[in-house]
Amino acid sequence: MPWNKIYQLYQELQRYVGWTDEDARRVAAVAGLVEPHVEGLIDDFYEEIDRHPEARKVITGGAEQIARLKQTLHAWLRDLVAGRYDKDYVSRRWRVGLRHVEIGLSQVFTNAALSRLRRGLVDILDQTWPGEMSDLLATRRSLNMLLDLDLAIIEDAYQSEFSQRQQRSDRLAAIGQVAGGVAHELRNPLNVVKTSIYYLLNTRAPAPEKVKQHLERIDRQIGLADRVITALSDFARLPVPELQPVVLRDCIQEVLELNPLPEEITVTVDLPASLPRRMPMLPVPDWGCRGRP
Ligand code: HEM
């Protein structure tokens, strides 16, 4: 899903749960309270994973990977209470779901782990809160909303990546079946052709009507193989790109959104001012391009 769509979804969910700037301010205000206890929360997170073989099995890189994961979780927690819930924040959350599909972690463990983290964070607030009880309750509520939003995005990413992979593997399985069928359909006529050629090459002075019979048989079998191949290429025909005038800048933007680059890479789009706003007739693929005027 393009990043701007994901961000729009996040904003819609924020409205749904009633999230406001005041909630963001409240959560950001507890960063200092949480930070001294973060190491403990993270250790608890990984100790618990170790008690559950189905969760533990996705950690295949030993102590080195756990050390890296601890840093990742620390960054995630810091981000959580940094008070900036913008497009970049949401894309980082989305990536968690994608990564978990890649490593084969079942989403239920993320839900359980988040529940454990939530409890840990709430305990820290309860035990260290310096102010009024009413403020503590309001902050807890904001934090819970934020965690729910995080989980919703991670889970949505997980589901959409999971189903895309499922569709890809179904397609591959279908292609495998078709290939098997085609191999079978082609092998029969080829065998017949081979037998007739063998006869023609190795029979001394074959009768003319025999030669004719074999040549006709070869011709029929070639026709059969040709029909199999035509049926296959009709089945696999790709949509022909359509020529459309496009707004190049929008098109580049869309391609970048659909193919996110690592954060450390910055893309500068520098189009000469003399370039016409609408580029005449570029081939536009079947899925379209927002750059279409
Ligand atoms: C609250 C729940 C969780 C959060 C917030 C979380 C967060 C993250 C983040 C931020 C990443 C890095 C994503 C990226 O590459 O951009 C990640 C990757 C990963 N997570 Fe989780 N995670 C959670 C639950 C779990 C659980 C329960 C496991 C179970 C073992 C797990 C195992 C992993 C592994 C193995 C990776 C790949 C790390 C690597 O690249 O070596 N996560 N997670």
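**Reading the ligand site**

A polar side-chain atom of Q65 is placed 2.9 Å from an oxygen atom of the ligand. This is a predicted model, in which local features need pLDDT of at least 70 and side-chain atom pairs count only at pLDDT 80 or more, while totals for chains, interfaces and linings use all residues. Residues are numbered from 1 along each chain as its sequence is written, and side-chain values use heavy atoms, with hydrogens and water left out.

Q: Which other polar side-chain atoms lie at a listed distance from an oxygen atom of the ligand?
A: A polar contact is a pair of N or O atoms within 3.5 Å. Here a polar side-chain atom of R68 lies 2.3 Å from a ligand oxygen, and one of R99 lies 2.9 Å from a ligand oxygen.

Q: How many residues surround the ligand, and which are the closest?
A: A residue is near a molecule if one of its heavy atoms lies within 4 Å of it. The ligand has 21 such residues around it, the closest being Q65, R68, R99, H100 and I103.

Q: How do the residues of the shell divide into nonpolar, polar and charged?
A: Asp, Glu, Lys and Arg count as charged; Ala, Val, Leu, Ile, Met, Phe, Trp, Tyr, Cys and Pro as nonpolar; the others, Gly among them, as polar. The shell holds 14 nonpolar, four polar and three charged residues.

Q: Which protein donor does the iron atom of the ligand have?
A: Donors are N, O and S atoms within 2.8 Å of the metal (3.2 Å for Na, K and Ca); water is not among the atoms, so sites may look incomplete. The only protein donor of the iron is NE2 of H100, at 2.2 Å.

Methods: Polar contact = N/O pair within 3.5 Å; in protein donor to acceptor, adjacent residues only side chain to side chain.
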